[in-house]
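Welcome! Have the structure open as you read.

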Amino acid sequence: MKGLVLTHMSRREEGIELVKKGVRLDLTSHICWHVFGLIQKADKNYEEALKSYTQALRFDKENMNLLRDSAQLQTHLRLFDNLVDTRHTILKLRPNQRQNWIALAVAHHLNGNPKEAKMVLEHYQYSLKNVPDYDYEHSETLLYYISVLEELGELSEALSILDTSAKSRAIVDRTAILEIRARILSTQNAPEADEAWRALIEHNPDNHASYLGYLSHLGISTTSPSSSPEALSKLAEFVTLLPRATAPRRLQLTLSSGDEFKALIKPYIVQNLTKGVPSLFADLKSLYVDDEKRQIIQDLLHLCRGRTLKRVGDYLGAARAVNEARLLDGQDRFLNTKCGKYLLRAGMVEEANKMFGMFTKKDAPSPASDLEDMQSLLFLLEEAAAYARLGKPNMALKRYMAVKKVFEEIEDDQFDFHGYNLRKFTVGIYLKLLSWEIQLRSQPEYIKAAVEASKIFVSVSDNPSLVTALSSTSQLTDAEKKAKKKAKKAAAASKAQEDKKAQPNVHDRADLEPAPPKDEDPDGLKLLAAPDGLEQAAKLLHPLTTLEGEGAKHVDVEAWVVVYDVAIRRKKLLQALGALNRAASLDPTHPSFHIRLVDLKLRLASFPHAPPAPIGDVFAESLSKLLPEELREDGVSLETFNSQYLQRWGGDAKKVLAAARVMRMLDSVPLENVEETVFGIFGEGVDVDVPTALSALDFLTSLSSSRVDEFRGKCQAKFELSTAFKVPAELAKLKEQVLASEVGDAVDVSIQGQGQA
């Protein structure tokens, strides 16, 4: 117990050693094992914590605290078979507690056995007596029971219980009643279904899912262009019936096209601009995938000027345009955030931090640290990308790992809900939480951070001198230096105050709480130079390789080739082959996949001998499936294979650049040929965009090519409006102009406002 107390007093190592000593002194003590489990759980070492609880239960089989904690850990680790046994034991010991019945039903349900869940819930309901009206816990239990019946296909019984419970006031959630009723009646093709859907829509007119469900019930597809007129006609009825609802108008924009879209979009934009809706641009963003709709909208919006300039490569002009839009309403958080985002895209990190700083804590070490505490994924990812473009992979890696930390905290936060939701009987939302958590790492933000961070780890593994070069130069901006100085000053003041306390009051709880963690690596250089960089990258990417169903669809070719890059350097040959096979199944002509095929052949040629048993046969079989015929034994040379790829895909700039990168990998190809191939992206009929041209410029620069300036000139001629290809001296002057008019514009806006007043 002393060890347990010390671990909460910033004397963690000493406390853990005492607890281990206690366990060694009495291996049969359930208390010792329980305390050991508590400490392991606090360290988020859930597997070991469960082992400790299991040991404790060997010596105290009916300890409710141990059983409840074990059940929570089993749920968290998705060990549903064991969870059923534990929940059954708890129910036998405490059959009078309602939550134990629900917990057992949920355990069976999670274990893929809804029939057993139904039986448990029925036994539970038979035991109930004198349940008052509007009992929320009983209401949630009935809704869960109905959902189980619906899953089992027993729709008539589910509908009967729903209607009876609604009339008797046993179910109090009116929205859930309407949703379930409409869904079941639709599945049964009942004539009352139409009325049920309309009642649901009138209950909440701004729920998009209700309209889509109603159209689906009518057999109207929302993805087929041929069904659009019928869908628009139905939505128009609701626009007239529910004039204050936004959802039917917004769905009309998604389903319409051409002149019909033009007629609908203008009043929608004008109405929202008049109201000053800050999220209007984000609302319309999804329509931009349609070229025709994008052009129609661009003819009507102020922020679109900035977006257009960004697309043509004028990132500084885009930031200036968005800043002008921001000055129209200096208190609009959306516009200020958008401006900060565009400043980061333009490489103006310090200015972007000042912009974001208007909405962060003034006593924080820096706006960046406060935004990290608030788990702003938009900021972390955009600033990481900005640092990467500025040649600061250490700071970029630091931000990407901060994103990883956010997702770890989200995953850990679910732990408390395993007990909380069952106590509160919110079973339906709890099951949704668990299914969402399973696919947590399929979020685009995590995939982006994991892939980009792994790329940095791989680059350092291939070229350790990067760390030395970065360590020898100052990497901090002026704002970061000020923030670092401020943090150092605050830490010194805190230490001085502690030194003044000759005899601290042991009864003061503040003395027992750990001090806030200190950032031991503000520049990210220690993280970049970590000896286990590839291992960290493997841990980052592992969740992507285990995703299933819809989640797996978010993992693209670029992610799989990075999995290969890490695995092949860790000598994990089967993992590397598996990653390339997954990439090939998505797009066998992808430029990154082409580069890795050649890389694999080069690495295999350097191996002294074939992989040993037992992986040798599996490896050979997987390799034969992966390699195209021309790269198998007695096939064409890698030079010929690459030339064939270039001839086949010479009209795609990204694939032309990939062929040039492969040439560089082959020692037999002269530098002049590589340079000429890179210049081929400007050939007749080749489709090239600004990001690809920038990648090509970076590639030529890495080769120390004498034709860099010539290529830069061709880029500038191709993209006349772009500022992305300017030399650093020219960019510095242009950056000064981005916010130069800010003060004057703000004054003009103020004067206009006074004149109107």
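## Aromatic pairs

Rings of Phe, Tyr and Trp (its six-membered ring) count as a pair if their centres lie within 6.5 Å. In this predicted model, there are 10 aromatic pairs. One of them joins Phe356 and Phe379 edge-to-face, with 5.4 Å from centre to centre and 80° between the planes. This pair links distant parts of the chain, as Phe356 belongs to helix H22 (residues 349-356) and Phe379 to helix H24 (residues 377-389), 23 residues apart. Both Phe356 and Phe379 are buried.

Now turn to Phe682 and Phe711: their planes meet at 50° and their ring centres are 5.3 Å apart, so this pair is tilted. Phe711 has a relative accessible area of 0%, so it is buried. Elsewhere, Tyr211, Tyr214 and Phe238 make up one aromatic cluster.

## A buried arginine

Is Arg250 buried or exposed? Its relative accessible area is 6%, so Arg250 is buried. Arg250 sits in helix H15 (residues 247-255), and its side chain makes a polar contact of 2.8 Å with that of Thr254. Beyond neighbours within four places in sequence, Arg250 touches His208, Tyr268, Asp283, Leu284, Ser286 and Leu287.

Tyr136 is part of helix H9 (residues 136-151). Tyr136 counts as partly exposed because its relative accessibility is 44%.

Note on methods: Residues numbered from 1 in each chain as written. Predicted model: local features only at pLDDT ≥ 70, side-chain atom pairs only at ≥ 80, totals over all residues. Heavy atoms only, no water. Helix = DSSP H or I, 4+ residues; strand = E, 2+ residues; numbered from the N terminus. Buried < 20%, exposed > 50% of the residue type's maximum accessible area, 1.4 Å probe, protein only. Polar contact = N/O pair within 3.5 Å; in protein donor to acceptor, adjacent residues only side chain to side chain. Contact = heavy atoms within 4.5 Å. Phe/Tyr/Trp six-rings, centres within 6.5 Å; stacked < 30°, edge-to-face > 60°.
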